Amino acid sequence: MSANPSSNTPFFVTVFFTTSGNRLQITQYSDPHGRDSQITIPRGIELPVDEMEAFLKTGTLLVDFRDDLTVPESLVAYPKQLGCETAAYVPILQDGRLRGLVLIGARPGQTLNDDVVNAFARTIRLVATSLVPITSPTEPVMSDRRASEAKALSNLIAGAASIKDLHSFYSSIHDQVRSVVGDHGFLIALYDEETTSISVPYLFEDGRFSSIETFPLGEGLTSILIRTREPLLLVEDTMKRATAMGAKIAGKPAQSWMGVPLLAQGKSIGAIIVQDLNHEHAFDEDDLRFVISVANQVSSSIYNIRVLEDSKQTALQFETAAEIARDISSSLDLDELLKKATDLIRSRFDFYHAAVFLKDVPSEFVVIREATGEAGAQ
């Protein structure tokens, strides 16, 4: 899958700045539409920090350049050079002082509203420590744990900007969680609201990778996560506590279980689950807080890629239907037509088998008229 979506997908330009003297210095830049930031924009902005703090004293700002002229020109230059009509400025503050800034830009045809900006802002607050080194008199050096979390979240930010395929992204999420929480069972579940079903495309358990086919939303812990949209930590008497919650456990119960829902567009789209089958108290509140940060960071990326994949699948369905329709209009041989149709459906959608059944003349039974593969020939 290409990392450069078409112009009508909801991906925005994002620029991460940190303060350096009187400059805002670029820390990270992302433009999913593939424009080269190194050529079109400078690496920093000369802007007095106190002026910037005054500009952002009310917090996050959403600005439309077509009718708002209050933004400092040095800041406007970045999104304008990239063809953006609107932009949001999200400050990163420490003790009331500006330590960094995130700029989110939208081009014509893209909608940047308060809901979108607030979703960005929540994630930015959670990962700010990975973008801005924070110290204080009582904590002169970041702890090893916080440094590991910051590095993991920073890696996820970079990975989300260049996703090639979802499975690789799931593997990256697993690697970053493992680097902080430790080597435990790990899975990513996805929820389909239309079919009220759950699938597990990525599962690591007992040192092996696998997946689980689609199953209905039910009464397991994963289903509870998706329904409640609340994180859950069980580290002792997990079977008893899960049963008290109304959950039904299939297979060997975990001795420690931690789950966080994936939320996008105000809906549950899945969950990240970490579990230890053999040890109680394998996780703590810090682990849960970190996985919540991870989920907030990756949810939107997973959602956007799934939407893009669904749109491609829909386009393929229409293309296949049109091709079959053309064959219908140009062929009078029913057997040949049915064979082409089943072959197209199977190959285009990568199905194992496809078949066509037709009613018999009395309309009492349906009879198989064409099917793919050896079984179909028989």
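Author: Lys-339 is partly exposed because its relative accessible area is 43%, where buried means under 20%, exposed over 50% and partly exposed in between (1.4 Å probe, protein chains only). The model is predicted, with pLDDT of at least 70 needed for local features and 80 or more for side-chain atom pairs, while totals for chains, interfaces and linings use all residues. Numbering starts from 1 along each chain as its sequence is written, and side-chain values use heavy atoms, without hydrogens and water.

The partner of Lys-339 is Asp-343, in a salt bridge whose closest N and O atoms are 2.9 Å apart; the term covers a side-chain nitrogen of Lys or Arg within 4 Å of a carboxyl oxygen of Asp or Glu. Both residues belong to helix α10 (residues 334-348) and are separated by four residues, about one turn of the helix. Helices here are DSSP runs of H or I, at least four residues, and strands runs of E, at least two, numbered from the N terminus. An α-helix has 3.6 residues a turn, so residues three or four places apart point the same way. Asp-343, at a relative accessible area of 30%, is partly exposed.

There is also a network: salt bridges that share partners link Arg-145, Glu-149, Asp-286, Asp-287 and Arg-289. What is the relative accessible area of Glu-149? For Glu-149 the value is 6%, and the residue is therefore buried. Arg-289 has a relative accessible area of 38% and is partly exposed.

A further salt bridge joins the side chains of Arg-178 and Asp-183, at 3.7 Å from N to O. Arg-178 has a relative accessible area of 26%, so the residue counts as partly exposed. Asp-183 is exposed, with a relative accessible area of 54%.
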